[in-house]
Amino acid sequence: MSKDKQFVTEITPQSEDFSRWYIDVIKKAELMDYSPVRGCIVFRPEGYELWENIQRDLDRRFKETGHRNAYFPMFIPESFFQKEKEHVEGFNPELPWVTEAAGEKLEERLAVRPTSETMFGHMYSKWIQSYRDLPVLINQWANVVRWEKRTMPFLRTSEFLWQEGHTAHENEEEAREETMRMLNVYREFVEEFLAIPVIVGEKTPSERFAGAVDTYSIEAMMKDGKAVQAGTSHYLGTKFAVAFDIKYLDRENTLQFCHTTSWGASTRLIGALIMVHGDDRGLALPPKVAPTQVIMIPIGPAKLRDQVVGRVDELYAELKKAGVRVRVDDRADVSPGWKFNEYEMRGVPLRLELGPRDMENGVVVLVSRITGEKRIVQQDNLVAEVEAMLAEIQSGMLEKAKQFRSDNSRSVDTIDEMKAFLEEQRGFVEAGWCGSAACEKQVKEETGATSRNIPFEPSAQKPKCLVCGDDSKHTVVFARAY
Ligand SMILES: [Zn+2]
């Protein structure tokens with residue numbers, strides 16, 4: 001068996017076992033490894049760099065909308081969790097506790113943060129006195145811990161990385177505006193940067209963040225038809241302000257509670273990125289997030305090698321100078337065919353080949369990871385050609401993902417129709433819902449699908465509840481989810 005052939009068989013085909021495919025790909029591409037602590041993973045450099053690229057672009061968007069970063073401690077006193085009843089009920093089962101340190105039992109147990117509304121609330125009550133102190137717009141990049149029973153690398157792990165924004169405002173209107181602004185920041189980021197189309201909407205009450213008045217989400221479809229919640233934004237009303245005494249003197253010199261928000265996106269985005277774009281050959285990374293955008297591979301006989309490699313190095317310098325993330329693989333002991341497979345598996349969006357004949361003609365060959373399209377372009381115009389092709393790949397990936405989602409979505413009138421669809425193929429189902437928790441629960445029990453959100457822009461308003469047949473209050477998107 002040739003080396004090339006052997007290589008491909010190491011990845012389970014998606015159609016055979018999607019979860020197996022996912023694990024094969026992320027391990028083989030060296031994005032992560034399992035750690036000795038159950039449910040926790042190591043982000044290897046290839047995986048961590050994806051997170052760094054995500055961070056950089058999201059952080060820019062947060063700052064453009066007026067936010068600043070800060071860092072709060074990861075240990076939260078137990079008493080903080082008792083202050084907001086719904087919050088403690090939601091998070092208690094997943095909290096790890098520190099009960100002793102330096103050989104002594106602590107007077108008060110400390111939780112390792114699962115999210116930081118309580119810690120921010122405590123500090124905001126000290127910092128905010130007057131309307132002049134508002135709004136407070138702070139984001140934190142941090143790790144959080146939620147002790148999960150069932151884990152899946154990147155998508156659900158006991159410790160994960162994320163950002164959490166926490167803001168305080170004078171009134172409901174401003175806080176709601178902020179909630180929607182950040183939801184939109186997430187939507188734009190995920191679509192523009194990760195080439196993942198999302199459904200934007202409001203969560204049903206049973207799926208709300210513990211302690212929120214309203215929760216909004218963006219939901220993405222994976223290639224197995226399941227959903228990943230890719231970001232959430234919460235309007236918290238005055239609930240945390242009351243619990244933590246975040247008050248200010250308004251313009252009439254009256255004490256008022258602040259209205260607060262929180263919003264977060266996490267390393268789940270990496271899992272979504274892989275499951276939306278990957279294929280049987282491995283990862284497929286949109287150029288904007290790819291650690292390596294272009295891999296350059298010199299080809300041709302050994303006697304002409306030095307000449308070819310020399311020219312490759314010159315072109316490399318040009319691309320690098322233009323800001324393209326580019327690498328050269330000029331290893332002599334590895335065949336070009338093996339390298340082609342290797343970088344396809346790693347999801348590098350564009351391959352550049354240069355051989356002796358291309359040298360003579362003053363051209364290079366560009367090959368798209370996504371479509372396989374080959375383009376012969378002039379070396380003189382290389383930077384512009386590469387930039388154009390990367391831009392095409394980026395937009396093509398979003399279009400392809402949109403098409404996939406539309407091919408795997410269905411609008412139904414009854415739960416039986418929904419079951420028939422989900423037996424035939426996985427995907428998103430849009431249906432009417434009367435608003436009762438019982439009907440929502442029945443959908444979950446009978447189909448395994450949960451309500452993802454109430455989309456702002458449903459494809460059609462469904463008049464009847466899919467379960468009880470009463471008039472529907474909302475059109476809801478249901479799906480099985482990670
Ligand atoms: Zn109903």
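**Ground rules.** Residues count from 1 along each chain as its sequence is written. The model is predicted, so I take local features only at pLDDT of at least 70 and side-chain atom pairs only at pLDDT 80 or more, while totals for chains, interfaces and linings use all residues, and side-chain values use heavy atoms, without hydrogens and water.

**Confidence.** I looked up pLDDT, the predictor's confidence in each residue, from 0 to 100. The protein averages 95, and 98% of the residues score at least 70. Residues 1-6 stay under 50. The model has six contacts for them beyond four places in sequence (contact: heavy atoms within 4.5 Å). Where pLDDT is low, the coordinates should not be read in detail.

Cys434 and Cys439 are both buried (under 20% relative accessible area with a 1.4 Å probe, protein chains only; exposed is over 50%, partly exposed in between).

**The open sheet.** Helices (H or I, at least four residues) and strands (E, at least two) are DSSP runs, numbered from the N terminus. Two strands pair if DSSP finds at least two bridges between them. I traced eleven strands in an open sheet with mixed pairing, in the order β3-β7-β8-β14-β11-β10-β9-β22-β23-β21-β20. β3 (68-69) and β20 (409-411) are at the edges with a single partner strand each, so one side of each has no neighbour in the sheet. β3 pairs with β7 (residues 136-145) in the parallel sense, over two bridges. There, Arg68 stands opposite Ile138.

β18 (residues 363-368) and β19 (residues 374-378) pair in the antiparallel sense over five bridges. Leu366 has Arg375 as its bridge partner. Five residues lie between the strands, and Gly372 takes a positive phi near 80°. In β19, Arg375 and Val377 point to one face and are buried.

**Thr267.** Where is threonine 267? I found Thr267 in the loop between β14 and α9. Thr267 is buried, with a relative accessible area of 1%. Beyond four places in sequence, Thr267 contacts Phe43, Trp51, Phe154, Phe160 and Leu161.
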